[in-house]
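User: Hi! I am new to protein structures. Could you show me how to read this one?

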Amino acid sequence: MGGSAAKLCGNAKIRRNSLTDYKIQLPLPKRKLGRKESFDHLDVCFTRSNRGNNLLTINGKPFTLNRRIKDACYWECVKLRCKYIKCTARVVTKSNQISALRGQHNHP
């Protein structure tokens, strides 16, 4: 048979569905249970903007409230909508506690 053989790493398994169809099944990554990321070291402040909108400030970087679903609030960096910067940093809060930080600020 003239074909290249693929080398599999770790616990990967190959399943053959038909004569010519192969699927590679990779093991699922193991999650660390019971370990939540701590955000206690951050300087967090809830305020209002000059226009009366909610602002969340983390280490001097302001976030505006994007949407609220039940007790979860989704915040985005104020520089997201700037023409040239488009910062992708986001925060999720639940019951006024930070539950997730995503993205990096790409501005000073």
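User: Which residue stands opposite tyrosine 74?

Analyst: Some background comes before the case. This is a predicted model, where local features need pLDDT of at least 70, side-chain atom pairs count only at pLDDT 80 or more, and totals for chains, interfaces and linings use all residues. Residues are numbered from 1 along each chain as its sequence is written, and side-chain values use heavy atoms, leaving out hydrogens and water. Strands are DSSP runs (E, at least two residues), numbered from the N terminus, and two of them pair if DSSP finds at least two bridges between them. Here, valine 92 in S7 is the residue opposite tyrosine 74. Strand S6 (residues 72-77) pairs with strand S7 (residues 90-94) in the antiparallel sense, over five bridges.

User: What order do the strands of the open sheet have?

Analyst: The order of its six strands is S3-S4-S5-S6-S7-S8, with antiparallel pairing. Strand S3 (44-48) and strand S8 (97-102) each have a single partner strand, so one side of each lacks a neighbour in the sheet.

User: Which residues make up the largest nonpolar core?

Analyst: Such a core is a set of buried Ala, Val, Leu, Ile, Met, Phe, Trp, Tyr and Cys residues joined through side-chain atoms within 4.5 Å. Buried means under 20% relative accessible area, with a 1.4 Å probe and protein chains only. In this protein the largest nonpolar core has 12 residues, including Phe39, Leu56, Trp75 and Ile98. S6 gives the largest share, three residues.

User: How many of the residues are buried overall?

Analyst: Of the 108 residues, 19% count as buried.

Technical notes
Helices (H or I, at least four residues) and strands (E, at least two) are DSSP runs, numbered from the N terminus. Buried means under 20% relative accessible area, exposed over 50%, partly exposed in between (1.4 Å probe, protein chains only).
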